[in-house]
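Subject: Structure for your review

Dear colleague,

Please find the structure below, handed over for your study. My notes on what was found in it follow.

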Amino acid sequence: MRAIVFEELGGPEVLSVAELPERRPGPGQVAVDVAYAGVNFMDLMVRSQGHRVDTLPFVPGVEVSGVVRAVGEGVTGPAPGTRVAAHLPAGGYAETAIAPASTVFPLPDAISLRTAAALPNVVPTAYALLHEIGRLKDGDRVLVHSAAGGVGTVAGQLARKGGASAVYGVVSSLDKAQHAVKYGYDRVFTTDAFEQEVLQATGGQGVDIALDPLGGDVFGRTLSVLGRFGRIVSYGNAAGGDPWQAGYADTATRAISVAGFSLPRLAAADPARLRAIVDAAFAAVAAGEVEVPVTEEFELADAAQAHRLLESRTSTGKLVLRVAG
Ligand SMILES: NC(=O)c1ccc[n+]([C@@H]2O[C@H](COP(=O)([O-])OP(=O)(O)OC[C@H]3O[C@@H](n4cnc5c(N)ncnc54)[C@H](OP(=O)(O)O)[C@@H]3O)[C@@H](O)[C@H]2O)c1
């Protein structure tokens, strides 16, 4: 089977097409004939920093859509032939992907395979950030960094649907503001100077929920615009700064809650809980309440181009690789 591999860490140029032996699903696993593979920011960290890479050569890719080819020992479903989306630790940029059965999700008819490849990572993540951790309620003011990207595009819509009274997006360049506004954001600010604008927009009260995939100094600056009983969720370190720290003095004055989230860790530790989140998140997509726009599609062999685009910080929505779609 064809797959994208890298044999050393580095820039997009380390990605190449390879012919690999076909793999069979082991106990508890499902083999999926991949139609499309989603491209995620995490894939860039895997390729450039070796994030979660145990051995080389390595096939990146944490989400796919396709059709079940075979199931391993002890797996009772989904049956071969079922259209599915899957979340997997690695190996998604390939004609056949092997996923744990616990994170293979049958697709509602209303969801196409192209859209389905864009769902497993960002939609449950945005749903969990806002509902499970952020405890979104009617009237909350929500702030989302990287608002025009994959998670951000979904979070804006879910926040609005969940009753937020104001949804503020932050982007590194206002070129992406129009996209964010289309997907639920009331106002869009820039990363270099969002604090003052958030305080102005909220009459000095700050926001109730803030979602931070950037980390570094952005985390502390975001903490400073949380209102009383505000909740901040850290779920990435895209800015690449030092790990953030928050203590009693930072949180007690305004009774702030600080939380973290990792979908891969939830998938590994509590797949049943993840499945409940996925069911709710996919139902919102199937009902047309949330749209996940695939803004660019690349051939599998052009995975490096997709990485270059995502790395340029100019992309919006989701990027996918067409494998057999
Ligand atoms: N914890 C979890 O379970 C989980 C799950 C999914 C995603 N995430 C995190 O959520 C974030 C969004 O993921 P995504 O896959 O949906 O990606 P994405 O938002 O489509 O793209 C990444 C975004 O990160 C921002 N960014 C900041 N520094 C960057 C850099 N050095 N290079 C490229 N982009 C940079 C850019 O937005 P701006 O320039 O506008 O800021 C870019 O649009 C990532 O940080 C990812 O690691 C975490």
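In strand β9, Ala-166, Tyr-168 and Val-170 point one way, while Val-167, Gly-169 and Val-171 point the other way, and all of them are buried. Buried means under 20% relative accessible area, exposed means over 50%, and partly exposed lies in between (1.4 Å probe, protein chains only). Six of the six residues of β9 (residues 166-171) are buried, so this strand is largely enclosed by the rest of the structure.

Please note that this is a predicted model, in which local features need pLDDT of at least 70 and side-chain atom pairs count only at pLDDT 80 or more, whereas totals for chains, interfaces and linings use all residues. Residues are numbered from 1 along each chain as its sequence is written, and side-chain values use heavy atoms, with hydrogens and water left out. Helices (H or I, at least four residues) and strands (E, at least two) are DSSP runs, numbered from the N terminus.

The neighbours of β9 come next. Two strands pair if DSSP finds at least two bridges between them. Strand β8 (residues 141-145) pairs with β9 in the parallel sense over five bridges, and Tyr-168 in β9 is the bridge partner of Leu-143. From β8 the chain crosses through helix α4 (residues 150-161) to β9, in a right-handed β-α-β crossover. Right-handed here means that, with the strands pointing away from the viewer, the path from the first strand over the helix to the second runs clockwise. Strand β10 (residues 187-190) also pairs with β9 in the parallel sense, over four bridges; here Arg-187 in β10 is the bridge partner of Tyr-168. The chain passes from β9 through helix α5 (residues 177-182) to β10, and this β-α-β crossover is right-handed.

How many aromatic pairs does a search of the whole structure find? The search finds four. Rings of Phe, Tyr and Trp (its six-membered ring) pair if their centres lie within 6.5 Å; planes under 30 degrees apart count as stacked, over 60 as edge-to-face and the rest as tilted. Phe-219 and Trp-244 form a stacked pair, at 4.1 Å centre to centre with 10° between the planes. This pair links distant parts of the chain, 25 residues apart: Phe-219 lies in helix α7 (residues 216-223), and Trp-244 in the loop between β12 (226-234) and α8 (248-252). Phe-219 counts as buried at 1% relative accessibility, whereas Trp-244, at 32%, counts as partly exposed.

Yours sincerely
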